[in-house]
Amino acid sequence: MANVGYARVSTIDQDPTLQLDALAAAGCAKVFEDRASGAWADRAGLRSALDYVRDGDVLIVWKLDRLGRSLPHLIETVATLEKRGVGFRSITEAIDTTTPGGRLVFHLFGALGQFERDLIQERTRAGLAAAAARGRKGGRKPVVTGEKLERARVIIAKGMTVREAATRLKVGKTALYKALRG
């Protein structure tokens with residue numbers, strides 16, 4: 001069983017010393033580092049740390065946001081570790097999934113994250129339904145307006161190709177083809 005650390009700073013100018021000192025004090029035998037935005041899911045140091053840890057090890061971070069910025073990514077990563085028999089510990093938030101209390105706290109985070117996603121989906125569906133009831137249709141406005149479509153039909157009837165008509169009307173040929181078919 002080994003404590004494995006992971007430290008991340010967002011820019012080259014930032015100094016990871018605070019994190020590295022905290023990870024050393026937590027007894028990390030090996031520490032992996034990244035100098036990259038937390039928004040990037042594919043980080044070389046994190047990938048190496050996840051490949052390195054084995055059943056019984058504990059992955060330790062200084063703070064939750066060092067592992068990932070989004071709650072779904074964080075939950076997915078910790079769940080993957082848990083399936084492999086690897087614990088997770090965040091020093092600052094005092095979360096330790098190797099203890100029953102730590103697992104409870106982390107599962108509560110997961111439940112809250114799922115609840116948040118469900119609420120967003122529900123509000124989106126309600127907003128779309130309300131807009132549809134008012135006669136509004138989602139998406140971009142059509143590029144080929146009714147006036148441009150009529151002009152296109154006239155100039156195509158006079159012998160111009162659809163490509164030439166699209167260029168003259170300043171619309172894409174694909175959009176014009178679609179409007180002519182529709």
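Thr 77 has its place in helix H4, which spans residues 71-83; helices here are DSSP runs of H or I with at least four residues, strands are runs of E with at least two, and both are numbered from the N terminus. The structure is a predicted model, in which local features need pLDDT of at least 70 and side-chain atom pairs count only at pLDDT 80 or more, whereas totals for chains, interfaces and linings use all residues. Residues are numbered from 1 along each chain as its sequence is written, and side-chain values use heavy atoms, with hydrogens and water left out.

Thr 77 is buried, because its relative accessible area is 9% (buried means under 20%, exposed over 50% and partly exposed in between, with a 1.4 Å probe and protein chains only). Setting aside residues up to four places away in sequence, Thr 77 touches Leu 50 and Leu 67, where contact means heavy atoms within 4.5 Å.

With 11% relative accessibility, Val 171 counts as buried. Beyond its neighbours within four places in sequence, Val 171 is in contact with Val 143, Val 144, Lys 148, Ala 166 and Leu 176.

Ala 94 lies in the loop between strand E4 (87-90) and strand E5 (95-96), and it counts as exposed at 68% relative accessibility.

Now to the pockets. The largest pocket holds about 230 Å³ of space. On a 1 Å grid over the protein atoms alone, a pocket is an open set of points where a 1.4 Å probe fits, with protein on both sides within 12 Å along at least five of seven lines, and lining residues have an atom within 4 Å of a point. Grid points are joined across faces, edges and corners, and the volume is the space filled by probe spheres set on the points. The lining of the largest pocket is made up of Arg 140, Lys 141, Pro 142, Val 143, Val 144, Ala 175, Lys 178 and Ala 179. By class, this lining has five nonpolar, no polar and three charged residues (Ala, Val, Leu, Ile, Met, Phe, Trp, Tyr, Cys and Pro count as nonpolar, Asp, Glu, Lys and Arg as charged, and the others, Gly among them, as polar).

As for rings, Lys 30 lies over the face of Tyr 52, at 5.8 Å from the ring centre; the criterion is NZ of Lys or CZ of Arg within 6 Å of the ring centre and within 35 degrees of the ring normal.

Ala 126 lies in helix H5, residues 100-133, and is partly exposed at 48% relative accessibility. The C-alpha atoms of Ala 126 and Thr 161 are 44 Å apart, for a separation of 35 residues along the chain. Gly 27 sits in the loop between helix H1 (17-25) and strand E2 (30-35), and is partly exposed with a relative accessible area of 43%.
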